[in-house]
Amino acid sequence: MSEYLDNNHVDTFGIFLVEKNQMCPGLYLPFLFVSSFHWGYKKFNADTKKFVSHINKESVNAANLILVPIIESSHWTLLVGNLKNKVWDFYDSLPKKTHRAILPEVISHLYEDTTTSFATDIRRWRIRKIKQVPTQKNSVDCGMYVCKYMEAVIQPEAVVWADVKDWEDNMAKFRAEFAYAILSTTIK
């Protein structure tokens with residue numbers, strides 16, 4: 001757990017968040033999680049609808065947010081759809097314009113696989129780059145940052161990113177907590 005996180009790790013973290021929210025309703029804002037494999041398998045022209053089969057009109061109406069972790073060119077970023085405000089928020093721990101360039105294609109692919117689920121065309125929503133988020137100083141922590149971004153944005157209280165300063169210093173602790181959760185939990 002001291003190296004790069006792959007799709008399985010990030011998806012496991014997302015599933016942990018979903019399961020925690022099911023066990024303790026109201027712990028987090030209502031959210032939907034899209035497997036990182038949804039985007040990953042598109043590159044291989046594989047069937048990707050199975051990764052979003054849980055997204056339908058009812059689940060969209062019941063949720064506030066949709067979490068879309070993205071792996072592209074060995075770098076993790078997070079796209080968060082605010083379903084109430086109809087806007088996309090983009091989180092990047094190594095901010096570069098090239099990381100953002102793929103977003104319209106990711107959103108279009110999600111829309112194609114879930115077209116009837118949304119009341120509006122999610123491809124037309126504005127994309128905001130969220131500023132002052134914690135950023136990494138190495139080349140391997142982007143996956144863990146995406147996990148922490150996901151955990152932070154679903155909290156009932158809005159995150160004041162300017163106040164979040166200690167992620168880099170606590171990355172070893174975050175990884176240890178994640179490893180412990182994997183070892184002590186059975187995923188269904």
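I began with the secondary structure and counted seven helices and five strands in the chain, taking helices (H or I, at least four residues) and strands (E, at least two) as DSSP runs numbered from the N terminus. The model is a predicted one, in which local features need pLDDT of at least 70 and side-chain atom pairs count only at pLDDT 80 or more, while totals for chains, interfaces and linings use all residues. Residues are numbered from 1 along each chain as its sequence is written, and side-chain values use heavy atoms, with hydrogens and water left out.

**Overall form**

Reading along the sequence, I noted the pattern α-β-α-α-β-β-β-α-α-β-α-α. The radius of gyration is 16 Å, close to the 16 Å that the globule rule gives for 188 residues, so the chain is as compact as a globular protein of that length; the radius is taken over C-alpha atoms, and the rule is 2.2 Å times the number of residues to the power 0.38. Along the principal axes, the C-alpha atoms fill a box of roughly 45 × 40 × 35 Å. I also looked up burial, and found that 48% of the 188 residues are buried, where buried means under 20% relative accessible area, exposed over 50% and partly exposed in between, with a 1.4 Å probe and protein chains only.

**Pockets**

Grid points are joined across faces, edges and corners, and a volume is the space filled by probe spheres set on the points.

The largest pocket holds about 350 Å³ of space. It has 18 lining residues, and Leu 65, Asn 82, Asp 89, Tyr 91 and Val 153 are the closest to its centre. Strand E3 (75-82), strand E4 (87-91) and helix H6 (142-153) are the elements that give two or more residues to this lining. I sorted the lining of the largest pocket by class into eleven nonpolar, three polar and four charged residues, with Ala, Val, Leu, Ile, Met, Phe, Trp, Tyr, Cys and Pro as nonpolar, Asp, Glu, Lys and Arg as charged, and the others, Gly among them, as polar.

The second largest pocket holds about 250 Å³, and of its 14 lining residues Phe 13, Phe 16, Lys 20, Glu 151 and Ala 181 lie nearest the centre. Helix H1 (7-23), H6 and helix H7 (171-184) each give two or more residues to this lining, and H1 gives the most, with six. By class, I found eight nonpolar, one polar and five charged residues in the lining of the second largest pocket.

**Cavities**

A search of the whole structure turned up two cavities of 30 Å³ or more. The largest cavity, at about 40 Å³, is lined by Val 34, Ser 35, His 38, Trp 39, Val 68, Pro 69, Val 106 and Leu 110; six of these count as nonpolar, two as polar and none as charged. The second largest cavity, at about 30 Å³, is lined by Ile 70, Glu 72, His 75, Thr 77, His 99 and Ile 102, which divide into two nonpolar, three polar and one charged.

**Rings**

I counted 16 aromatic pairs, where rings of Phe, Tyr and Trp (its six-membered ring) pair if their centres lie within 6.5 Å, and planes under 30 degrees apart count as stacked, over 60 as edge-to-face and the rest as tilted. Phe 37 and Phe 51 form a stacked pair, 6.1 Å centre to centre with 25° between the planes. Phe 37 belongs to helix H2 (residues 36-42) and Phe 51 to the loop between H2 and helix H3 (57-62), 14 residues apart, and both are buried.

Elsewhere I found Tyr 91, Tyr 145, Tyr 149, Trp 161, Trp 167 and Phe 174 in one aromatic cluster. Lys 148 lies over the face of Phe 174, at 4.0 Å from the ring centre; such a charge needs NZ of Lys or CZ of Arg within 6 Å of the ring centre and within 35 degrees of the ring normal.

**Backbone**

Lastly, I noted that Asn 45, though not a glycine, has a positive phi of about 55°; Asn 45 sits in the loop between H2 and H3 and is exposed, at 73% relative accessibility.

How values were computed
On a 1 Å grid over the protein atoms alone, a cavity is a set of points where a 1.4 Å probe fits but cannot get out, and a pocket is an open set with protein on both sides within 12 Å along at least five of seven lines; lining residues have an atom within 4 Å of a point.
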